[in-house]
Amino acid sequence: MATETDYRAKRKAGSAALGRLMKPVRRRLLIARLVTLASCCMALAPYVALTRIGRLLLADGPTDQAAIAHAVSLLLCAVGTQVGLYFLALLIAHRADIVLRDRIQRDMIDTLSTAPLAWYSASTSGRIRKAIQDDAAAIHSLIAHAPVDQTAVIVTPVVLVGYSFTIDWRLGLLSFVTFPVFLAGQAYCMRDMGEKTAQMDDKLADLSSATVELVDGIHVVKNFGRTGRAHRRFTDACRAFADFYWDWCGPLMRVSSLSMGFISVAVLMGIMLGGGLTMAHLGWVGVPEVLVCSLIALVVPRAIMVSASMGWAYQQAGNAALHLLEVLDIERVDYPDPGETPEGNDVVFDDVSYSYRVGEVATPALKGVSLRLEEGTVTALVGPSGSGKSTLATMLARFRDPDRGAIRIGGVDLRRMGERELYRRVAFVLQNPYLQRMSIRDAIALARPDADIATIRAAASAARIIDDIDALPNGFDTIIGGDTDFSGGQKQRIAIARALVADAPILVLDEATAGTDPDCEADIQAALAELVRDRTVLVIAHHAEAIRGVDKIVIMEDGHIVAAGGLQDVADHPYWVSLAGRNDQ
């Protein structure tokens, strides 16, 4: 559970992240602010012209038409110049936004294309979507609008109120006599705003993640009648956000409404016109001066409200910058080009160690693991949950790199192999294969887009999925997720067909039959038997019956290999005994 100190630290980190993210366009934004400053100074001219026109109209004797025409010309020129400068400032700021967003998107594409595959498994699609979509939009508002608006709402009131003091110091004081009360109320409402905004951002991220998970898995939930349990994370996230927001904002509404009343148009006009006309009656000031200062008084409240919203925008943008940098700063997997070419397809894990890291905390997952997979053999990894078998197996496909030690194919370290060469040699079929929204033909030929239909049909036949595909109206041209959807077992067999088309000599398998019905399991086992033929295979096994006929069994516990060899070599190990016992039951 995050504390207020944590959220305070997050707010500071957000400010630093925002400064780092905006660095490439800082000069452009400075120019936009300077142009806005000139526009704000020009905002004074219309009020000077209005004062002049008022005095001329109320002066004794004949009206000086030429002087009025000159003042009107000044008014029109000043308004035109002010609007033109403001437009130019916005143009510069929007140009900076385009430059920055283009840079962020390019860096994002480059980062995501070189991110470790394990990062995608550890990061929910909801959080990734929020960073790419929502957080990028928050940065847009800050870059394209905030520098101009913030400068305008600070400088314009200062210039105008300063002018009201030059007209008459008493009118100047009267123009913001209610603002101390308003500012006190707003200061009360804005206390701890940074920490609360950071907390709200976490709640929204949880809600976004829960929403995506619910939508992605809704068909499975309904099929198995587990709607109540599956909806619980989503409803809990909704309730947590609603409770937090109401507890935060509810008590502030009365204070905020009361303070807003002190700068309402009715209150300000009552004070300015009542007090100003009284001073005019006493002969201290003229009526034109009262009217101009009254107009100036109406500008200040809007400026303060925009300033408050700018503060909120900066807080949100700081959190957005943190999320973007979390993506942009992930450790990348670098591939040499062209890299070295292995000789053979034997696999060696040499003293491999790896730890998962959350912040400064490291949790060891593998501790000095050494293992050899002879070319053309099948090796099964078994062990309790958390023993490190999935971490070790997926390292062969460079889901992550070891902290210490090396993994070699044909004598070549994976880190010295080119990306194309690595995935030409290594394929994998995991428990929950993801099928993109594309035709079945393209999904099976994903690794070899140039594969002809005969090759694709042969792979589908070997994977025991050809009959299901031919039964569809559009056959291999059926769009997955559009024209139809598949069961878990069917997806597994399409993934196996895809691996067959890839024809990689080394294969990583997570037990593909887990959670399927017996008939589907038989088809998948037959397809796997075809897939592993003449390949170097590393299979993550959860059941004893799934590893019949393998060449080597490796038992892992707590990040170590505790037993390895043929069935006779591990038969007496306590974990294998318990695994075989569960299978008998």
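This is a predicted model: local features need pLDDT of at least 70, side-chain atom pairs count only at pLDDT 80 or more; totals for chains, interfaces and linings use all residues.

Biologist: Why is H3 called roughly parallel to H7?

Modeller: Start with the value. The axes of H3 (residues 44–58) and H7 (residues 146–167) cross at roughly 30° and come within 10 Å. Angles under 35 degrees count as roughly parallel. Therefore H3 is roughly parallel to H7. The crossing is also right-handed.

Biologist: Which residues make the contact between H3 and H7?

Modeller: H3 supplies Leu-44, Tyr-47, Val-48 and Thr-51. H7 supplies Val-159, Leu-160, Tyr-163 and Ile-167.

Biologist: How do you know the classes of the residues in that contact?

Modeller: Set the names against the classes. Leu, Tyr, Val and Ile count as nonpolar. The tally for H3 with H7 is seven nonpolar, one polar and no charged residues.

Biologist: Why is Ser-294 called buried?

Modeller: Ser-294 has a relative accessible area of 3%. Buried means under 20%. So Ser-294 is buried. Its place is in helix H14 (residues 287–328).

Biologist: What does Ser-294 touch, leaving out residues up to four places away in sequence?

Modeller: Ser-294 touches Met-269, Met-272 and Leu-273. Contact here means heavy atoms within 4.5 Å. Ser-294 and Leu-171 are 123 residues apart in sequence, but their C-alpha atoms are 8.7 Å apart in space.

Biologist: What makes a set of residues a nonpolar core?

Modeller: The members are buried nonpolar residues such as Leu, Ile and Val, joined through side-chain atoms within 4.5 Å. The largest such core here has 50 residues. Ile-444, Ile-496 and Leu-531 touch the most other members. Helix H20 (residues 488–502) gives the largest share of this core, seven residues.

Biologist: Which residues is Leu-531 in contact with, leaving aside neighbours within four places in sequence?

Modeller: Leu-531 is in contact with Val-429, Ile-496, Ala-499, Leu-500, Leu-507 and Leu-509.

Biologist: How many residues are in the second core?

Modeller: The second core has 29 residues and is separate. Val-352, Val-369, Leu-396 and Val-412 are among them.

Note on methods. Residues are numbered from 1 along each chain as its sequence is written. Side-chain values use heavy atoms; hydrogens and water are left out. Axes are lines fitted to C-alpha atoms, for helices over the stretch in contact, and angles run from 0 to 180 degrees between N-to-C directions. Helices (H or I, at least four residues) and strands (E, at least two) are DSSP runs, numbered from the N terminus. Angles under 35 degrees count as roughly parallel, over 145 as roughly antiparallel, 65 to 115 as roughly perpendicular and the rest as oblique. A crossing is left-handed if the near helix is turned anticlockwise from the far one by less than a right angle, and right-handed if clockwise. Buried means under 20% relative accessible area, exposed over 50%, partly exposed in between (1.4 Å probe, protein chains only).
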